[in-house]
Structure formats: C-alpha cells, structure tokens
Amino acid sequence: MDIAFLNGSFLPKNEIRISPDDRGFLFADGIYEVVRWYKGFFYDMTSHMTRLKRSMKEIRISWAEADTFPDIAQQLITANNLQESPSLVYLQVTRGAAKRTHAFPFPSVTPTVYAFAMSFRPDSITMASGIGVSMQKDIRWSRCDIKSVSLLPNVLSFQEARERGNHECIFVRDGLITEGAHSNIFFVIEGVLYTHPESENILSGVTRKNVLRLAREAGIRVSETALPESGINEIDEAFITNTSSEVAPVISINGRIVGDGTPGRITTILQKRFSGEILAMKV
Ligand code: PDD
C-alpha cells in the first residue's frame, strides 16, 4: 500500500482526501518540486530546497515548515520500502482551500502540502542511444522560472511532441530556444557548450546548474547564451537535462539528425562525469 504525506500526516495514499475548494485544484495556485533518490541519498537536496523556497516566495505562499521537506522525503522513502529503488519524491504546496475567488483567501488559510514517493526505472537505453525532440512555439506564461503546477501548456506541447514520435518538446520564444517541456536544453557548437541563461523564460534546473559546473570542471568552454532557432543548423551536439533523465543526448530535432545521429563527444563526457559523481556520492 502506497503511503503519502498530507498536511503533517503520513497516510495510505488511497485514503488521502483533498478539498474540492483547494486552490491547487481550482486555479493551479501552487508550486511543486521533484527530487531524486539514488538508493541512499537525495541528489542536491540543497538546491531543490532553495528553489522550493524561491517558488513559494514568488507566488507568496508561506509554508512555515518548509525546512521539514528533506525529512518528509526520507520518511516517504522508508515508509514505501524504496530505500533500494531509484525513486522520485514529488512535493506540491498550494495556497490552500477557500471559497472560490481570485483574490488570496482573507483571512489567510494554511497551505495544502502533499507529497508522495514513487519508484522509477531510469531509461538506460534511451540515455545511451539518445532521443528525438520537436521544436514548438513556447505557449507558456512569462514566469517560467517559477516551478508552478500550472503545466497545461507543457502538457499540451509534450503530448504534441509525443504524437509526432518524439521524446521531448523544445520551446522557441521570440526566435530563441528556451528549454524543454520538462527539461533544460544544451547545444554544442565548435566545442562550446551553449544553454539559455537563467531568466524568467526558463526554469533554473538543478541538473542544468550541476552540468554547467561539471562542464567547467572538465575545462569545456561554456556560454550561457540562448541559441536562435536558426542556429540549429550549426549545432554539432545537443542534450537535455532534468532530475529523472540526468543528461539525455538529443539525436534528432524535428526529424533532422543532429551530428552523426549518435550521442556527441561532449555529451558523453558530461554523462560520464554526472554518473561518476553519483557513484562517488554513494560511498
Ligand atoms: N521537470 N525545465 C522545466 C520546464 C522542467 O519542468 C524541469 C523539471 C526542468 C529541469 O529541472 P531539474 O533539473 O531541476 O529537474 C527544466 C520535472 C522533473 C518535472 O516536471 O517532473
């Protein structure tokens, strides 16, 4: 039986009840985080905590016990017997339940805090061989830096990419490539690694940040500069990053082969450095 967390209690997931007046349900008025459990530790929990608090601050939700999340996540892993499984812990914090009106509830209500853990199988075949992505218009709002649960544009765009036989949708806004529907994107041109700079147009990915650090440590030249859509013709390599896929090579964009259609040299170096660091954390 799955055990999940709601507002201070650990309960069988199928017994969890959330109010139909919850603003997460009515307005997508909330934020979330996803952390990865590597059979013994959570990957860079510190950065996830920083981003969680930033997201809450930006949308003016205050969950006073936010610092208890690492402990909640650990307890979910234990309660669900996931210690030895690669897993993800999902956390969602909404503004709480109140009579429906656009304004924040007054007097204020306590936020709804929901979390669950799930085992997941990393797709090692895809990680090794690479994925196809499609480029689509960025139909999201102008605060993509907030990890908001309001993901309808991401859902619709990702589904469209799927229906075109691809594994991710890459967004283009004002002629510039921003990020994926649930990942950040990197390109390599003549040995230089490019990715969109931190801004309101992308989510500051925890994996993105660590991959940039690993690249600099490896002596790879890095430029946090957005690639114009037309720049796609110049690229030698591409890859996406996120908590579940780590570094996933991109081997085709809109059906057009990237490089020689296999994971590129710098992509492979970064994949190895990323997994090497995880292995070293385990001891
Ligand atoms: N998505 N950009 C977007 C829009 C994302 O949704 C995500 C993560 C990322 C990568 O962030 P990170 O490296 O911190 O996982 C970038 C998560 C995994 C999700 O929605 O499930």
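The C-alpha centres of domain 1 and domain 2 lie 26 Å apart in what is a predicted model, where local features need pLDDT of at least 70, side-chain atom pairs count only at pLDDT 80 or more, and totals for chains, interfaces and linings use all residues. Residues are numbered from 1 along each chain as its sequence is written, and side-chain values use heavy atoms, with hydrogens and water left out.

The protein chain is divided into domain 1 (3–119) and domain 2 (124–282), with bounds that come from an automatic or database domain assignment. The table gives totals between the two domains.

| Between domain 1 and domain 2 | Value |
|---|---|
| Buried area | about 2000 Å² |
| Salt bridges | four salt bridges |
| Polar contacts | twelve residue pairs, both at pLDDT 80 or more |

Buried area is the accessible area (1.4 Å probe) that two parts lose on being put together, summed over both; here, 59% of it is on carbon and sulfur atoms. In domain 1, Tyr 32, Tyr 43 and Arg 51 lose the most area to domain 2, together accounting for 33% of what that side buries.

A salt bridge pairs a side-chain nitrogen of Lys or Arg with a carboxyl oxygen of Asp or Glu within 4 Å, and the side chains of Arg 143 and Glu 58 meet in one, at 2.9 Å from N to O.

Counting contact as heavy atoms within 4.5 Å, 22 residues of domain 1 are in contact with 23 residues of domain 2.

Conventions: Polar contact = N/O pair within 3.5 Å; in protein donor to acceptor, adjacent residues only side chain to side chain.
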